[in-house]
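Please keep the sequence and the three-dimensional view at hand while reading.

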Amino acid sequence: MTASEFKKHIIEGIPSALPHPKPYDHSINHAPKRKDILNTAEKKLALKNALRYFPKKFHAVLAGEFTRELAEYGRIYMYRFRPDYEIKARHIDEFPHHSKSAAAIMLMISNNLDLSVAQHPHELITYGGNGAVFQNWAQYLLTMKYLSEMTDNQTLVVYSGHPLGLFPSHRDAPRLVVTNGMVIPNYSSQDHWEKFNALGVSQYGQMTAGSYMYIGPQGIVHGTTITILNACRIISRRGGKSPDCKLFISSGLAGMSGAQPKAASIAGVISVIAEVNPKAIQIRQSQGWVDEVITDMGKLIRRVKEATEKKEVVSVAYHGNIVDIWERFADENIRIDLGSDQTSLHNPWAGGYYPAGLSFKDANRMISEDPGKFKEYVKKSLVRQVNAINRHTARGTYFFDYGNAFLLEASRAGADILKPGGEFRYPSYVQDIMGPVCFDYGFGPFRWVCCSNDPADLEKTDAIAVGTLKKLMKHSPEQIRQQMADNIHWIQEAEKNRLVVGSQARILYADAEGRIAIASAFNKAVANGKISAPVVIGRDHHDVSGTDSPFRETSNIYDGSKFTADMAVQNVIGDSFRGATWVSLHNGGGVGWGEVISGGFGMLLDGKKTTENKLMMMLHWDVNNGIARRSWARSKGALFTLEREMKRTPGLKVTIPYIADDKLIDEVL
């Protein structure tokens, strides 16, 4: 397809003539069939909702087709309307546009649906089993059409994938405002999501899927690397015998969990990651993110012993169930130093977790045909998994929840995961690592995408980021020098570690000062032509201020406010009027629908002076909102960070807590 034909297809939106039906591509990793949750009246409503995207002349053909999709897949994806062109990140100028910001958003949407990036691309799901960009292909086509028409005096509004339309605004307003899954709180159970999604009225956007900020598994490689490095430091501080080359066990290779073997190798540990989906394993091996694939348990045990003896850093994908590894390694008395889990347990009943005792194929069949029985299998499997993990931790394994709702769902399954006082046996990685080491000091997942799609520009941004951080580190206080050193090393090694999948993107953890300095340097480089095209900056919602999640991002907040969501909502509102190009607010992300409120932003650095002012104002708020909240919760790290920030920033005045004496509290009670 020529460049002009591609632009013509984007501008057309929903075709004026019905395209031919698309054959079901069995080579693609598809979403599992969703359970049949709608009654007859609701199925009629789902069909009416789907048909409203199309002229009435198409309804006779599409009504039957959409009925079959709903029956066969549990959703109406509108496969017929999947475009013939390749969906991928391109040079920003290859997208038809009247607004450069709109073209940047099209680039980011396209990357989220790239076949090499998305988990279930034909179902418009980027990662996490149900983290959707759109609910159906009509929404994609309309959104891209609107973006091609948009001017800098309009804002596109998107409700859970549905493009509501273009509305008059002004140049300094966001070009795009996205919400995902924002249902009334009492209607936020798993079955509510199933029903609303089947009806076509809401979706689960995860974090960076529905906000168009996903950059492939690289997005989580860095965070996982930092987590594993600091977990190893925790083990070392505990003392006792600890091997130089540690063994890390976890599960999940599809979507963001695919980062684990790469991160483990960068951190210098042996890793074994279990995965039941052969296509997910094949993708990660072809991308160079996993070194070896083993299907036999006996061979796996021999390989792990060999690597441990030789102190050989190697990543192994085990094609099988994680429960079998935990149990067999316990029986064989194989020492596991680090353990976690990255199955999508925010979505336990619809393909997020595959239980022991069922094949991948049988499990997918049972999800739709007998969901009640499948639920019981999941619960029993979680109980077995926890029992085996407990055997290992009794021998010294450091196990942490990686924010996927493992502890939460295991407790709901009745597993032996609670202490006598009702707290979880094991920490969230945010409680032990990310919170006190990173978030409380303002460090979080700052990322950027080169809109030229040119590796040469990415190399230049890497050099700029390293130079900027080195300059800042000369004056960094002792409390953040390790964080700075880890991130400088990360960027210096980034190209060698072959992290790019999809767009020319990078991620590092930086505080407010670092993010502003790097973004400003990028903007200047775009202005003087050193970087050939604009750069998009953003972050994961998993950040200092972006997410209220009591079992993950805010799990290390101990003043009782971790179940509130003011921070995440205020963050999106504040970003929107301080200069963000687009903003998004989601129900869910990581731990699951109904368990989290999260938000994010994207900003186009186009080299303009006005952009310089926006990035300084917005990035300062985007980090320090969370620092202020964490300080009020009496976090020592956040109090230190806030004191430093107020000295540096005129006009910043934040309410500081007085610390009550515990002895006094005990006496009066």
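The sections below move from the whole chain to selected residues.

## Overall architecture

The structure is a predicted model. Its secondary structure consists of 22 helices and 17 strands. The radius of gyration of the protein is 24 Å, close to the 26 Å that the globule rule gives for 669 residues, so the protein is as compact as a globular protein of that length. Along the principal axes, the C-alpha atoms occupy a box of roughly 75 × 60 × 55 Å.

Of the 669 residues, 62% are buried.

## Surface and charge

The protein presents an accessible surface of about 25900 Å², and carbon and sulfur atoms account for 53% of that area.

Charged side chains number 79 positive and 70 negative. The centres of these two sets lie 2 Å apart.

S250 belongs to strand β6, which covers residues 247–251. The residue counts as buried because its relative accessibility is 0%, and the cut-off for burial is under 20%.

The side chain of S250 reaches the backbone nitrogen of D341 at a distance of 3.4 Å. D341 is also one of the residues that S250 touches once those up to four places away in sequence are set aside.

## Positive phi angles in two loops

M78 has a positive phi of about 65°, although M78 is not a glycine. This methionine sits in the loop that runs between α3 (59–73) and α4 (100–112). With a relative accessible area of 0%, M78 is buried.

R498 also has a positive phi without being a glycine, with a value near 50°. The loop that holds R498 lies between α17 (481–494) and β13 (505–510). Is R498 buried or exposed? With a relative accessible area of 51%, R498 is exposed, since the cut-off for that class is over 50%.

N497 is buried, at a relative accessible area of 14%, whereas R498 is exposed.

Which residues does N497 touch when those up to four places away in sequence are not counted? They are K262 and I266. The C-alpha atoms of N497 and H620 are separated by 31 Å, and the two residues are 123 residues apart along the chain.

## Two further loop residues

K311 lies in the loop between α10 (297–310) and β9 (315–319). Its relative accessibility of 51% places K311 in the exposed class. Leaving aside neighbours within four places in sequence, K311 is in contact with D244 and C245. K311 and D244 are 67 residues apart in sequence, and their C-alpha atoms are 7.5 Å apart in space.

N153 is placed in the loop between α5 (137–149) and β3 (154–159). At 40% relative accessibility, N153 counts as partly exposed. Beyond residues up to four places away in sequence, N153 touches F167, P168, S169, H170, R171 and R175. N153 and K614 are 461 residues apart in sequence, with 17 Å between their C-alpha atoms.

## A leucine in helix α16

L472 is part of helix α16, which covers residues 455–473. How does L472 count at 18% relative accessibility, as buried or exposed? L472 counts as buried, because burial means a relative accessible area under 20%.

Not counting residues up to four places away in sequence, L472 touches M484, E513, G514 and A517. The C-alpha atoms of L472 and G514 are separated by 7.4 Å, and the two residues are 42 residues apart along the chain.

Conventions: Residues are numbered from 1 along each chain as its sequence is written. This is a predicted model: local features need pLDDT of at least 70, side-chain atom pairs count only at pLDDT 80 or more; totals for chains, interfaces and linings use all residues. Side-chain values use heavy atoms; hydrogens and water are left out. Helices (H or I, at least four residues) and strands (E, at least two) are DSSP runs, numbered from the N terminus. The radius of gyration is taken over C-alpha atoms; the globule rule is 2.2 Å times the number of residues to the power 0.38. Buried means under 20% relative accessible area, exposed over 50%, partly exposed in between (1.4 Å probe, protein chains only). Accessible areas come from the Shrake-Rupley method with a 1.4 Å probe; for residues, only the protein chains shown count as cover. Lys and Arg count as positive and Asp and Glu as negative; His and the chain ends are not counted. The place of a charge is taken as NZ of Lys, CZ of Arg, CG of Asp or CD of Glu. A polar contact is a pair of N or O atoms within 3.5 Å; within protein, one must be able to donate a hydrogen and the other to accept it, and residues adjacent in sequence count only if both atoms are side-chain atoms. Contact means heavy atoms within 4.5 Å.
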